[in-house]
Amino acid sequence: MNFFLHINRNFIILLGVLAVIFFILIVFYEQTNLNSFRFEDKTSNLSDADISEPKFAINNETKKIYITASEGNFLNKDEVLLRNNVRFKSNNFSIETDKVVFNRNQQTAQSKTRSLFKSENITISSDGFNIHDKGNKIIFHGNSYIILK
């Protein structure tokens with residue numbers, strides 16, 4: 001007599017169902033691991049910045065002031081908040097600070113954070129500044145220290 005004829009049908013169906021469930025669990029587990037890996041990878045590179053390493057310039061008749069930063073966020077159509085290593089550089093001076101609101105339309109800039117102005121013979125440390133009149137006027141705010149060389 002044949003051995004397969006003596007095996008219970010319910011036992012074969014149970015083994016088949018367990019194999020399918022085991023296969024589904026393995027596929028689900030692998031898919032979950034892949035999704036969490038991709039999610040972690042994306043979040044480590046994301047930043048709150050709208051612009052990374054923005055560059056702008058203030059132009060007037062006699063000079064250009066180049067503005068760079070590590071990151072920036074649009075506040076509205078004209079204003080951009082520049083953050084981290086913000087630098088204003090022209091042929092005559094440079095200003096370094098951490099946060100600046102730059103108006104692209106009016107070509108003005110405002111900062112309320114610690115700022116360092118450097119030129120050939122002057123160093124000014126202040127609690128903030130305003131740049132108006134397309135870079136022709138710079139007004140320093142708060143506690144300011146001036147070093148003349």
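Because the model is predicted, local features are given where pLDDT is at least 70 and side-chain atom pairs count only at pLDDT 80 or more, whereas totals for chains, interfaces and linings use all residues. Residues are numbered from 1 along each chain as its sequence is written, and side-chain values use heavy atoms, with hydrogens and water left out.

The chain contains 1 helix and 12 strands, where helices (H or I, at least four residues) and strands (E, at least two) are DSSP runs numbered from the N terminus. Read from the N terminus, the order of elements is α-β-β-β-β-β-β-β-β-β-β-β-β. Of the 149 residues in the chain, 26% count as buried; buried means under 20% relative accessible area, exposed means over 50%, and partly exposed lies in between (1.4 Å probe, protein chains only). The accessible surface of the chain comes to about 11,200 Å², and 56% of this area belongs to carbon and sulfur atoms; accessible areas come from the Shrake-Rupley method with a 1.4 Å probe, and for residues only the protein chains shown count as cover. Among the contacts (heavy atoms within 4.5 Å) in the chain with a separation of 6 or more, 30% are accounted for by residues 24 or more positions apart.

The largest nonpolar core comprises 19 residues, and Leu-82 and Phe-88 are those with the most contacts inside it. A nonpolar core is here a set of buried Ala, Val, Leu, Ile, Met, Phe, Trp, Tyr and Cys residues joined through side-chain atoms within 4.5 Å. Two or more residues are given to this core by each of β2 (55–59), β3 (64–68), β5 (79–89), β6 (93–103) and β10 (128–132). When neighbours within four places in sequence are left aside, Leu-82 is in contact with Pro-54, Phe-56, Ile-67, Ala-69, Glu-71, Gly-72, Asp-98, Lys-99, Val-100 and Phe-102. One of these partners of Leu-82, Glu-71, is found in strand β4 (residues 71–74) and counts as buried because its relative accessibility is 16%. The side chain of Glu-71 makes a polar contact with the side chain of Asn-84 at 3.5 Å; a polar contact is a pair of N or O atoms within 3.5 Å, where within protein one atom must be able to donate a hydrogen and the other to accept it, and where residues adjacent in sequence count only if both atoms are side-chain atoms.

Asn-103, which lies in strand β6, is classed as buried because its relative accessible area is 9%. Apart from neighbours within four places in sequence, Asn-103 is in contact with Asp-78, Glu-79 and Thr-108. The C-alpha atoms of Asn-103 and Lys-77 are separated by 9.1 Å, although the two residues are 26 residues apart along the chain. A polar atom of the Asn-103 side chain lies 3.0 Å from the backbone nitrogen of Asn-105, and a polar atom of that side chain lies 2.9 Å from the backbone nitrogen of Gln-106.

Thr-123 is placed in strand β9 (residues 122–126), and its relative accessibility of 16% is why it counts as buried. Not counting residues up to four places away in sequence, Thr-123 touches Leu-116, Phe-117, Lys-118, Tyr-145, Ile-146, Ile-147 and Lys-149.

Phi of Asp-133 is near 55°, a positive value in a residue other than glycine, and Lys-134, which is not a glycine, has a positive phi of about 55°. Asp-133 is partly exposed, with a relative accessible area of 44%, and Lys-134 is partly exposed, with a relative accessible area of 41%.

Ile-13 is found in helix α1 (residues 9–45) and counts as exposed because its relative accessibility is 52%.
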